[in-house]
Amino acid sequence: MFPDLTRDDVFRIETARLWLRWPRAVDAPAFARLASDQDVARLMTCLPQPFGPVEAGDFVLGARRANADGRGLVLALAPRNDPGAFVGMVGVQSRAEIASGDADLVLGYWLGKPYWGQGLMQEAIEAVLDMAFMLPDAQTIEAPVREGHVASRKVLARCGFPKPPAGASHSVITRDAWLSARAGVASRIALPLH
Ligand SMILES: CC(C)(COP(=O)(O)OP(=O)(O)OC[C@H]1O[C@@H](n2cnc3c(N)ncnc32)[C@H](O)[C@@H]1OP(=O)(O)O)[C@@H](O)C(=O)NCCC(=O)NCCS
């Protein structure tokens, strides 16, 4: 699904405030610490609990494998002025990897609690959607939605995901909807600083 461009760990996307880069083994301690916060962990049902540096290291390895094989683009988030730091993750993976819904790609994302409320995830998701919809095979991307998860629903709506029907477990955005919503809007992807 993903091209050679994204299959090497020098690949990155820059936005106004973020680096989106491949996760690395050295991210595991920060990943474990931020994802173990109870306010994050209760929303991240895909991660085992307890989630320590070993589990985080395993997740990083799996993400790197998916990226290298072209099955996904799973990226660590770092402040643009501190690319070695780790503040959360965003990614899309081929649906076959996740086995839910019927979209081509499945979006996942989370941010460490100290970084909430600054609009960072919208910036990250829009950059990933820009990149993912450049791929000829990606026609639809689904995102999980949870009843009552107001912050996440707001972010998805601001990124252009349609309001899901009551009781739905995910929302799907199509390439056409994305491209027409973004017509005339500057891409979130910024020119590299370095
Ligand atoms: C959901 C999440 C990605 C939102 O990212 P974010 O960059 O903080 O989002 P924003 O800054 O754009 O905030 C979105 C809205 O949520 C609100 N919000 C942010 N943090 C909040 C909090 N702790 N409690 C309640 N509302 C909050 C914001 O006020 C904002 O609404 P407003 O602009 O109308 O005021 C982030 O909170 C997160 O990663 N949470 C834990 C993991 C998770 O839920 N992942 C998604 C799984 S489906």
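Tutor: Welcome! Let us start with one term: two residues are in contact if their C-beta atoms, placed from the backbone, lie within 7 Å. This is a predicted model, where local features need pLDDT of at least 70 and side-chain atom pairs count only at pLDDT 80 or more, while totals for chains, interfaces and linings use all residues. Residues are numbered from 1 along each chain as its sequence is written.

Student: Leaving aside its neighbours within four places in sequence, which residues is Ala-127 in contact with?

Tutor: Ala-127 belongs to helix 5; helices (H or I, at least four residues) and strands (E, at least two) are DSSP runs, numbered from the N terminus. Setting aside neighbours within four places in sequence, the residues in contact with Ala-127 are Ile-13, Thr-15, Leu-20, Arg-188 and Ile-189.

Student: Is Ala-127 buried or exposed?

Tutor: A residue is buried if 20 or more other C-beta atoms, placed from the backbone, lie within 10 Å of its own, exposed if 12 or fewer, and partly exposed in between. Since Ala-127 has 22 other C-beta atoms within 10 Å, it is buried.

Student: How many Å separate the C-alpha atoms of Ala-127 and Glu-147?

Tutor: Along the chain, Ala-127 and Glu-147 are 20 residues apart. Between their C-alpha atoms, the separation is 25 Å.

Student: What about Phe-2: how many Å separate its C-alpha atom from that of Ala-132?

Tutor: You will find Phe-2 in the segment before strand 1 (12-14). Phe-2 is buried, because 24 other C-beta atoms lie within 10 Å. Phe-2 and Ala-132 are 130 residues apart along the chain, yet the separation of their C-alpha atoms is 8.4 Å.

Student: And which residues is Phe-2 in contact with, leaving aside neighbours within four places in sequence?

Tutor: Look beyond the neighbours within four places in sequence. There, the contacts of Phe-2 are Arg-7, Gly-70, Leu-73 and Leu-135.

Student: How are helix 1 and helix 3 placed relative to each other?

Tutor: Helix 1 (residues 28-36) and helix 3 (residues 53-69) have axes that come within 8 Å and cross at roughly 115°. These axes are lines fitted to C-alpha atoms, for helices over the stretch in contact, and angles run from 0 to 180 degrees between N-to-C directions. Angles under 35 degrees count as roughly parallel, over 145 as roughly antiparallel, 65 to 115 as roughly perpendicular and the rest as oblique. Helix 1 and helix 3 are therefore roughly perpendicular.

Student: Which residues of helix 3 make the contact?

Tutor: From helix 1, the contact takes in Ala-28, Pro-29, Phe-31, Ala-32 and Ala-35. Helix 3 contributes Pro-53, Glu-55, Ala-56, Gly-57 and Val-60.

Student: Is Pro-53 buried or partly exposed?

Tutor: Pro-53 sits in helix 3, where it touches Ala-28, Pro-29 and Ala-32, not counting residues up to four places away in sequence. Because 15 other C-beta atoms lie within 10 Å, Pro-53 is partly exposed.

Student: Which residue does a cis peptide bond join to Gln-49?

Tutor: Look in the loop between helix 2 (38-41) and helix 3, where Pro-50 is found. With omega about 0°, the cis peptide bond joins Gln-49 to Pro-50.

Student: How far apart in space are Pro-83 and Pro-23, C-alpha to C-alpha?

Tutor: Pro-83 is part of the loop between strand 3 (72-79) and strand 4 (88-94). Pro-83 is partly exposed, because 16 other C-beta atoms lie within 10 Å. In sequence Pro-83 and Pro-23 are 60 residues apart, while C-alpha to C-alpha the distance is 11 Å.

Student: Which element gives the largest share of the shell around the ligand?

Tutor: The ligand is surrounded by 20 residues, and the closest are Leu-43, Leu-111, Trp-116, Met-121 and Ala-151; a residue is near a molecule or strand if its C-beta atom, placed from the backbone, lies within 6 Å of it. Strand 5 (105-111), helix 5 (120-132) and helix 6 (150-158) are the elements that give two or more residues to this shell. The largest share, five residues, comes from helix 6.
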